[in-house]
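Colleague: Please take me through the packing and the pocket of the structure displayed here.

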Amino acid sequence: MYYYVYILFSLKDNFFYTGYTSNLKNRIKEHEAGKVFSTKNRLPVALIYFEGCLTQQDATRREKYLKSGNGKIFLKNRLKEYFKNNPTG
């Protein structure tokens with residue numbers, strides 16, 4: 001089983017949401033349907049990044065890192081083309 005760390009971008013207010021799940025497709029559908037408290041008032045959202053991990057512990061550790069200052073710097077560099085082509089992002 002894989003665990004996925006993912007980043008959503010709110011097209012409504014330019015908010016980033018970082019989470020992890022073992023079923024990425026289902027979790028994204030839940031976000032898009034407004035079933036997730038943290039993002040239901042920020043719809044629509046777009047999946048802009050994800051990565052897979054072999055264990056839940058690795059996924060939660062990675063999620064925590066991506067939410068940190070250094071993690072945000074990593075994402076800004078990793079998603080440089082996305083940000084260049086989407087100035088609001």
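Predicted model: local features only at pLDDT ≥ 70, side-chain atom pairs only at ≥ 80, totals over all residues.

Colleague: Which element supplies the largest share of the largest nonpolar core?

Modeller: The largest nonpolar core has 12 residues in all, including Tyr3, Val5, Ile48 and Leu79. At least two residues of this core come from each of β1 (3–10), β3 (45–53) and α2 (56–67). With four residues, the largest share belongs to β1.

Colleague: How many residues form the second, separate core?

Modeller: Tyr6, Leu8, Leu24 and Ile28 are among the members of this second core. In general, nonpolar side chains in soluble globular proteins tend to be buried together. The second core is made up of six residues.

Colleague: Is tyrosine 17 buried or exposed?

Modeller: Tyrosine 17 lies in strand β2 (residues 16–21). Beyond its neighbours within four places in sequence, its contacts include Tyr6, Leu8, Arg27 and His31. The relative accessible area of tyrosine 17 is 16%, and buried means under 20%, so the residue is classed as buried.

Colleague: Which element gives the most to the lining of the largest pocket?

Modeller: The largest pocket has a volume of about 180 Å³, and its lining includes Phe16, Thr18, Lys72 and Leu75. Two or more lining residues come from each of β2, α2 and α3 (69–78). With three residues, the element that gives the most is α3.

Colleague: How many residues of that lining are charged?

Modeller: Lys67, Lys72 and Lys76 are among the residues lining the largest pocket. The lining also holds six nonpolar residues and one polar residue. The number of charged residues is three.

How values were computed: Residues numbered from 1 in each chain as written. Heavy atoms only, no water. Core = buried A, V, L, I, M, F, W, Y, C linked by side-chain atoms within 4.5 Å. Buried < 20%, exposed > 50% of the residue type's maximum accessible area, 1.4 Å probe, protein only. Contact = heavy atoms within 4.5 Å. 1 Å grid on protein atoms, 1.4 Å probe; cavity = no way out; pocket = protein on both sides within 12 Å on 5 of 7 lines; lining within 4 Å. Points joined across faces, edges and corners; volume = space filled by probe spheres on them. Nonpolar A, V, L, I, M, F, W, Y, C, P; charged D, E, K, R; others polar.
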